[in-house]
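Here are my notes on the model you sent. Please read them beside the structure.

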Amino acid sequence: MDIRILLKKLLPGLAPLLVFILADSIWGTEVGLIVAIAFGGIEIVYSLIKGKKPDKFVLFDVGLLVLMGLVSIVLESDVFFKLKPGIIGLLFCAILGISAYGKQNIMMMMAGRYMKGMQFSAWQQYEMLKSIRTIFWLVLGHTLFVFAAALFMSNAVWVAISGPGFYALFGVFFAFEWYRKKQQGAKYGREEWLPIVNEAGAVEGKMPRSVAHSGSKILHPVVHLQVFNSRGDLFLQKRAMNKLVAPGKWDTAVGGHVADGESIDLSLQREASEEIGLKQFQAEPFKTYVWETDMERELVFAFTCISDEALSCSPDEVSEGRFWTIEEIEENLNSGIFTENFVHEFPMLMKCISR
């Protein structure tokens, strides 16, 4: 599901205007008005037969078409009628603008009405939101040109901008979208995929790893393992300098993303083996929480274990690792040498082990 399908579903409501623009360029304003209203009437009758009630979007468009046409005929000036595509454009811009930058995504609400029963994952909604923002600026630019053409330019220029210009603009946009999606699909095919979850941990879809780290804030699961030795010291790893997040800072012994189709337990075993060479351990859960940064939003499944096994850090993941006493950590907790996530999680860990 993408923005092209959504617009296709919403096309019936815009059809009377598009029919008028085409008919007006062939037969003139009055005939174009009759043809467009007749077309809208057929759509209304069809919606009555199919859904037992008229499509409100079509009714609004036809009503505005009639009103602007009557004003234009009474005043014997077509300037008011020429403004009609611009007014429709402004209304569409308002819907797109609120959907793209406001708290309510009206386009998604309309999609729910036209496509009953369809569910959109958080990634699909994120991709759609990006497309809606692009379309908002395209429609706004086209609408301003329509107003300028209606007020200051010839009828031929107005027809070209409001009619063919509209189709050409979105033709280029959809061609670009098709090419972008094709390139994006090839890129995503080479990436690791991560599950999309809700705050209860239920899987609701999947997405490429780069999307999770793009600022999309789509919730995905990670595992943390806090490793103690029998003396009560806590093992920490120093993140490699090539890491995207918090390079060179001390962090939880084990931390990593859960892969698509992978269980929490299997992910924990894999990450512990890969990062610090820990293979035999008995993990105990102590906290599940949401951690959010400018880059991503994670559902953290945090565990503890006790092990005196010799640990060996992977040079690709960790620059070094060692056991710290609890007192040593507490003395340096606010010194800036630890990751923000570890500083956030450490009090939870202490509260857990003190019980």
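1. Of the 355 residues in the protein chain, 45% are buried (under 20% relative accessible area; over 50% is exposed, in between partly exposed; 1.4 Å probe, protein chains only). The model is predicted: local features need pLDDT of at least 70, side-chain atom pairs count only at pLDDT 80 or more, and totals for chains, interfaces and linings use all residues. Residues are numbered from 1 along each chain as its sequence is written, and side-chain values use heavy atoms, without hydrogens and water.

2. The protein chain has 12 helices and 9 strands. These are DSSP runs (helices H or I, at least four residues; strands E, at least two), numbered from the N terminus.

3. Aromatic pairs number 13. Rings of Phe, Tyr and Trp (its six-membered ring) pair if their centres lie within 6.5 Å; planes under 30 degrees apart are stacked, over 60 edge-to-face, the rest tilted.

4. Look at Trp123 and Tyr188. Their ring centres are 5.6 Å apart and the planes stand at 65 degrees, so this pair is edge-to-face. Trp123 sits in helix 6 (residues 122-152) and Tyr188 in helix 8, so the pair ties together parts 65 residues apart in sequence. Both Trp123 and Tyr188 are buried.

5. Phe338 and Phe342 form a tilted pair, because their ring centres are 5.2 Å apart and their planes lie at 45 degrees. Phe338 is buried at 3% relative accessible area. Phe342 is buried too, at 0%.

6. Which residues do ring pairs link into a cluster? They are Trp250, Trp324, Phe338, Phe342 and Phe346.
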